[in-house]
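Hello,

Here is the structure I promised to pass on.

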Amino acid sequence: MAIAAARLGLRCNVIGHIGDEIYGKFLLDVLQDEGINVIEMKEEDKEDVINNNSEYETLLCWVLVDPLQRHGFCSRADFSKEPAFAWMTRLSDEVKSNIQKSKVLFCNGYGFDELPAGLISSALDYAVEVGTSVFFDPGPKGKSLAVGTREEQDVLAKLLRFSDVLLLTSEEAESMTGLRNPMAAGKELLSEGVRTKWVIIKMGSKGSVLITRSGISCAPSFKVNVMDTVGCGDSFVAAIAYGYIHNMPLVHTLTIANAVGAATATGVGAGRNVANLQKVVSLMREANLNDDDDFWSKLVDESSNEDDITILSKTTVNGFKNDYLNHVNFQKVVTEVQHKLEVPLANEILSS
């Protein structure tokens, strides 16, 4: 997520712990090459212990992918009741300072594998206190957190209510709300939120929807030759953050997010293999949009007639019955998005 965001021209810090061994040094080199700063969560009074204890080694994660592109993750955290870095108990002044200086603090469900739930809660509380927007993506972990320890359940509920932006797949949204229609599920999550401004539902090859209190924006996905879906969701989140920070129109934000996610799917692996900006812009220029009119018609028909719905479209579609539907021209959106990306794209080309 951080690498994809940095490639969009955002300045990124990652907060956590990296061990002082070959894997940690490799990770630091990768992040440094991408222009990403690392904010170490070491606690000064534990310095000696940290340097001489296996619990403080870099957390390694094995990504398992089957022939159908379904994937799972496995790390030492899966074999322990405690998070990998259970020794972290408080936010340092440096961490607080960086949260305060940032426009967005991103957290996902897998953070609970690494950090104590209480520490994640403290980060959320501090971000709310200093006015930093919080993005939360529960991911597949959300299902187990919902039936986890009492503290995990409480912090999950707190993140769902107090985050500014929620990001879920349609399956995750249905699991949390019991509603199959992604628009209805998004509206339910939005209504339960205290600070929630956006709920974004990712629907894979179909596209994505963004629900706010004033309406719903929809964007079909891009057709690509999928090689590997690992990292697509995180890359998508990075582009959502880009649109949020730059106050882009909602359909424009979804369009660039879909493009970044789709471009990442054409490569293999995450990390440095997530999409670069040249690939993203090229994909948008090809304009190979997955216009599944039947899918979107059904989705719109199932929504409330009171919803103000905006949809990205290459052509004028007459099949929709919803009087509140507003079509936005795809080519116009792509032109405006490309213009926004000119500076980071030029920087990427020069650096390569």
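**Helix 15**

This is a predicted model. In helix 15, which spans residues 330-340, the buried residues are F330, V333, V334, V337 and Q338. Viewed down the axis of helix 15, these buried residues fall within an arc of 130 degrees, so they line one face of the helix. An α-helix has 3.6 residues a turn, so residues three or four places apart point the same way.

What do the buried residues of helix 15 pack against? Their partners are helix 12 (250-265), helix 13 (277-286), strand 11 (309-313), strand 12 (325-329) and helix 16 (342-351). N329 caps the N-terminal end of helix 15. One of its side-chain oxygens lies 3.1 Å from the backbone nitrogen of Q331.

**Salt bridges**

The structure has eleven salt bridges.

- R195 and D164: their closest N and O atoms are 2.8 Å apart. The pair links distant parts of the chain, 31 residues apart. R195 sits in the loop between helix 10 (182-192) and strand 8 (198-202). D164 sits in the loop between helix 8 (150-162) and strand 7 (165-169). D164 is buried, at 1% relative accessible area. Shared partners join D164, R195 and K197 into one salt-bridge network.
- K141 and D113: the side chains meet at 2.8 Å, N to O. K141 is in helix 7 (residues 141-145) and D113 in helix 5 (residues 111-114), 28 residues apart. Both residues are buried.
- R70 and D66: the side chains meet at 2.7 Å, N to O. R70 counts as exposed, at 53% relative accessibility. D66 is partly exposed, with 22% relative accessible area.

Best wishes

Technical notes: Residues are numbered from 1 along each chain as its sequence is written. This is a predicted model: local features need pLDDT of at least 70, side-chain atom pairs count only at pLDDT 80 or more; totals for chains, interfaces and linings use all residues. Side-chain values use heavy atoms; hydrogens and water are left out. Buried means under 20% relative accessible area, exposed over 50%, partly exposed in between (1.4 Å probe, protein chains only). Helices (H or I, at least four residues) and strands (E, at least two) are DSSP runs, numbered from the N terminus. The arc is that of the directions from the helix axis to the C-beta atoms. Contact means heavy atoms within 4.5 Å. A polar contact is a pair of N or O atoms within 3.5 Å; within protein, one must be able to donate a hydrogen and the other to accept it, and residues adjacent in sequence count only if both atoms are side-chain atoms. A salt bridge is a side-chain nitrogen of Lys or Arg within 4 Å of a carboxyl oxygen of Asp or Glu.
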